[in-house]
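Here are my notes on the model you sent over.

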Amino acid sequence: MGNVPSAVKHCLSYQQLLREHLWIGDSVAGALDPAQISVLINLHCFQPYVSGFSVSLAGSVACIHWETSQLSGLPEFVKIVEVGPRDGLQNEKVIVPTDIKIEFINQLSQTGLSVIEVTSFVSSRWVPQMADHTEVMKGIHQYPGVRYPVLTPNLQGFHRAVAAGATEISVFGAASESFSKKNINCSIEESMGKFEEVVKSARHMNIPARGYVSCALGCPYEGIITPQKVTEVSKRLYSMGCYEISLGDTIGVGTPGSMKRMLESVMKEIPLGALAVHCHDTYGQALANILTALQMGINVVDSAVSGLGGCPYAKGASGNVATEDLIYMLNGLGLNTGVNLYKVMEAGDFICKAVNKTTNSKVAQASFNA
Amino acid sequence: MDTLPKQVKIVEVGPRDGLQNEKNIVSTPVKIKLIDMLSEAGLSVIEATSFVSPKWVPQMADHAEVLKGIQKFPGITYPVLTPNLKGFEAAVAAGAKEVSIFGAASELFTKKNINCSIEESFQRFDAILKAAQSANISVRGYVSCVLGCPYEGKISPAKVAEVTKKLYSMGCYEISLGDTIGVGTPGIMKDMLSAVMQEVPPAALAVHCHDTYGQALANTLMALQMGVSVVDSSVAGLGGCPYAQGASGNLATEDLVYMLEGLGIHTGVNLQKLLEAGNFICQALNRKTSSKVAQATCKL
């Protein structure tokens, strides 16, 4: 910065910059028919799960034109898994009323997001913020082309979820014994046993299951976590039938180097198309870590609108990476997401007002106050 | 990742770029103490102040007292901004051994900011560079708006390369490329650097990323991957953005150091002492830190 910007008031507003200057702003997927995008997303996601589709997938891909990104080696399409309503709200101090949650999810459904994690069928004794899981699941409008996975830590939760209308579930493992013990009161091995029950039941009912591995880049109790351990746990989840494994930097301690080493190890055992990253921004490293993952070919990224959710392990620390900031980077890189940044920002504004907190998204901070 | 530099020089701009853009004015003793604490944190370059008229930048009115009051540790340089010859002379009189000049890759930005064209600004800088050369004083050049301009919008990499080349050939030993409004993303950073590196050697380049859209660290990582090994940042992420009320400004030095350490890149900075300096200035400014590392109390 040079001298005083006395002419500041005459400059373009950030809103204008975002809207008018394509190099910053809109996802190029705006040029595509939303139905085409959702078909591609669904086929893409289920490829390891549903056999016999590869021919028609290739056919679909051939007739849809993607813009090439400026950085070579990056995936052309990135699927964003929105975890705000679950991971985000679960870690907010304020308990959000059911109708607000439903409205929030309905707004997110209209942004182009194709996967929105809705709630968690866990005992309300442990996670009071998710006590209304059944009402939320039943209350949301399920838009065509959008999937609404829910967390199911055990068979009981799974059955409740199905009864409430869930058509996709998630299970949460960890790459750390201590974390597993403190979090779900059992060893990794015992937890795998529980998850296997859930995933097998899910597969039996044709319900896809997503696996999460927490502490992939570090643990609040054990400290350093080896890539080998992450690989081992990921492989267990994948081979029991999870169609996708989300590798979570639970306490946000990872940096591009540790992300790279971990992914190199996991990618030896699990196909690239079945992996996702879930980065927390506790130390401000999330986008740099995500960029690294993208450079390695990962094309599924979890995020939470407004960066909802603090970190339960570090008082005052931030949590999830903000979906808005992620989309901003992906748009700038010329990568397709199918998501409308402005609509996400509106949903973010809605939930922040409802929860009475300021957004953690820098994009939102820059745009709404301008 | 295989082409990352083994060490990175961090240019700490908190006391100047940071404080200049903070609403609250900080007293001279506080500024001096901040700079002394930063010196003790192991930073090797600390931009101390700006010799600009107090009419324009009241926060920097005490420039001479600050420069004279700080402890000058051996091995650490304390550059100061000098927008014109008058400022340069005042800086030298106050003991400056290194100065910085600020250009821009945007005509409109230059006009609005310093009321002249890019070409005219070069003439002003030339006067400073010539005087600096005779006095054996190093000059660092800054180019603003390298990834976007608040008035012009898109900025071409070719224009950035042109302005950078000019400053380098005029005698600046290093050029800091600034994403002034933080709009850049890694692909655009790469394109810009590719163009600039055809004209100026990578070793003479630095990046100065603003975190207005949360992109600073990702952009900095891209710059490192391209061979840049000098990065500007501001302790506690001091300094808002004058172009967007409420928006954040500089990349926080703590968060940068965290990433570099995680990558095994040598910085010479003691993160703990840096956190203390950040904590000190935030209390003095009565504001919360913008550094995520500082916000997290999780100890690993």
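1. First, a bit of bookkeeping on terms: two strands pair if DSSP finds at least two bridges between them. Helices (H or I, at least four residues) and strands (E, at least two) are DSSP runs, numbered from the N terminus. With that in hand, strand E1 (residues 79–82) of chain A pairs with E2(A) in the parallel sense over two bridges. In that pairing, Glu82(A) sits opposite Ile116(A) of E2(A).

2. On the ground rules: this is a predicted model, where local features need pLDDT of at least 70, side-chain atom pairs count only at pLDDT 80 or more, and totals for chains, interfaces and linings use all residues. Residues are numbered from 1 along each chain as its sequence is written, chains are lettered from A and ligands numbered from 1 in the order in which they are written, and side-chain values use heavy atoms, with hydrogens and water left out.

3. Now the sheet in chain A. Reading across, the order is E2-E1-E8-E7-E6-E5-E4-E3, an open sheet of eight strands with parallel pairing. Strand E2 (115–116) and strand E3 (150–151) of chain A are the edges, each pairing on one side only. Overall, chain A has 15 helices and eight strands.

4. Which strands does helix H11 (residues 256–266) of chain A lie across? They are strand E6 (244–249) and strand E7 (275–279) of chain A, and the helix runs at about 155° to E7(A). Axes here are lines fitted to C-alpha atoms, for helices over the stretch in contact (heavy atoms within 4.5 Å); angles run from 0 to 180 degrees between N-to-C directions. Helix H13 (residues 323–332) of chain A also packs on the sheet, touching E1 and strand E8 (300–303) of chain A, with its direction at about 175° to that of E1(A).

5. Have a look at Pro312(A), in the loop between E8 and H13 of chain A. Pro312(A) is exposed, with a relative accessible area of 58%. The cut-offs are under 20% for buried, over 50% for exposed and partly exposed in between (1.4 Å probe, protein chains only). Its C-alpha atom is 34 Å from that of Pro144(A), 168 residues away along the chain.

6. Last, Gly262(B), in helix H10 (residues 253–262) of chain B. Gly262(B) is partly exposed, at 29% relative accessible area. Leaving aside residues up to four places away in sequence, Gly262(B) touches Thr255(A) and Arg261(A).
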